[in-house]
Amino acid sequence: VALSAVPPFDRESSDLYQIVITASDQGTPQQFSSVNVTVHILDINDNSPQFSPSRFTFKIDENNARSAGIGVVVATDADAGSNGLVNVALLPSTHSSLFHLDALSGNLTANIAFDHESRSTYQLRVAATDHGVPPRSSVTDIAVSIGDLNDNRPMFSHASFSAALLENSTVGTTVSVTIATDVDSGDNGRVSYAIHPIGALSISDSGIVRLAAAALDAESIVNLSYTVTARDNGSPPLSSTATLTLTVLNVNDNPPVLSPTSLSESFVENGAAVAVAKLLSLSDRDIGHQELTATVTLLPSDASVSPYTSLACGSSVLPAAKLSQCSVNASVTSAFASARLVAGATLSGDSAVLQLTSQGQVASVAS
């Protein structure tokens, strides 16, 4: 008796069959006998290893310990015995040496501590090979992403910044741009800003510093120092600081002042010539080297008469916020029984005029 399979057997579908074979004669009555036959289907290496899933995606955070686990590569083979034993291995590539894959367990581990900022993803190829003769194999891809940690502080382009602003600048005027960058990703690299002390200046989310209050006065203070803080949105957040020095530039917003505000002088009619000596003080609150000029002129009481003499109190360069004093000397004769002393000062278009009268009359000031 010959047994044959139609169609061919597949051990992976069923590896055992139970058959009953019965033999009978042609007599009357008919006689027969039976026998049980067990058929075992032997395995051949007709299946390649299969990965599950078909492609692997793993993630590990940066700054990991060496030998840290990344994931498990799973490959199975439907064949039996050595035909179904599978080993996995990374195929040589540019970055395969940075990883270790256990051939039997499929555990993928790190050979180095990864840095997200240096490289955020790696692409690997893995092969699964069975022990059949001849062996069969399959290949698939592994994608490993390196997770970002908040391990970098925002960094300013400079440790200190400087800016200059006119004291009469309006609110909203841009003072400076202080940019900090953070090489981390996502919230870890998103930077916000603050400026201290709070008041005159404000800073936007993009690092633009603007005048927030029109309260600058070069006559009160010239240099202002601020601390700019850049902070990321990581958890916990990291921050760094830079210094902003603001120089307040002077504008000519103060008139010059003459002192004293009242002077009087008596003259003797038909008398001998006399000397008149008066001390005038000139000042201006604006800072910087300003040149103040005072001029003193003696006029007769009758304005139609030409001036007898005209005297100048010479100009001088004044240091910031300092007073300059100059002596005014004049001579008059008995031909002028009364006279008016006019003192004036000018500075870049500003003026202060002090009118003084002789013989005890009241002085008036115009500015």
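Start by selecting Gly71, which stands opposite Leu108 in E9. The model is predicted, so local features need pLDDT of at least 70 and side-chain atom pairs count only at pLDDT 80 or more, while totals for chains, interfaces and linings use all residues. Residues are numbered from 1 along each chain as its sequence is written, and side-chain values use heavy atoms, with hydrogens and water left out.

**Strands around E9.** Show strand E5 (residues 69-72) with strand E9 (residues 107-110): the two run antiparallel and are joined by 3 bridges. Strands (E, at least two residues) are DSSP runs, numbered from the N terminus; two of them pair if DSSP finds at least two bridges between them. E8 and E9 make a hairpin with 5 residues between them, and Gly106 in the turn has a positive phi of about 80 degrees.

**Aromatic rings.** Next select Phe114 and Tyr122. Their ring centres are 5.3 Å apart and their planes are at 55 degrees, so the pair is tilted. Rings of Phe, Tyr and Trp (its six-membered ring) pair if their centres lie within 6.5 Å; planes under 30 degrees apart count as stacked, over 60 as edge-to-face and the rest as tilted. Phe114 is buried at a relative accessible area of 1%, and Tyr122 is buried at 7%. Buried means under 20% relative accessible area, exposed over 50%, partly exposed in between (1.4 Å probe, protein chains only). Arg119 lies over the face of Tyr122, at 5.3 Å from the ring centre; the criterion is CZ of Arg, or NZ of Lys, within 6 Å of the ring centre and within 35 degrees of the ring normal. The structure holds 7 aromatic pairs. Phe51, Phe56 and Phe58 form one aromatic cluster.

**Cores.** Move to the largest nonpolar core, of 24 residues, where Tyr226 and Leu244 are among those that touch the most other members. A nonpolar core is a set of buried Ala, Val, Leu, Ile, Met, Phe, Trp, Tyr and Cys residues joined through side-chain atoms within 4.5 Å. Leaving aside neighbours within four places in sequence, Tyr226 is in contact (heavy atoms within 4.5 Å) with residues including Ile195, Pro197, Leu201 and Leu244. Another core lies apart from it, with 23 residues, among them Val73 and Leu124.

**Last stop.** Select Ser176 in strand E14 (residues 174-177). Ser176 is buried, with a relative accessible area of 11%. Beyond neighbours within four places in sequence, its contacts are Ala163, Gly207, Ile208, Val209 and Leu244.

How values were computed: Helices (H or I, at least four residues) and strands (E, at least two) are DSSP runs, numbered from the N terminus.
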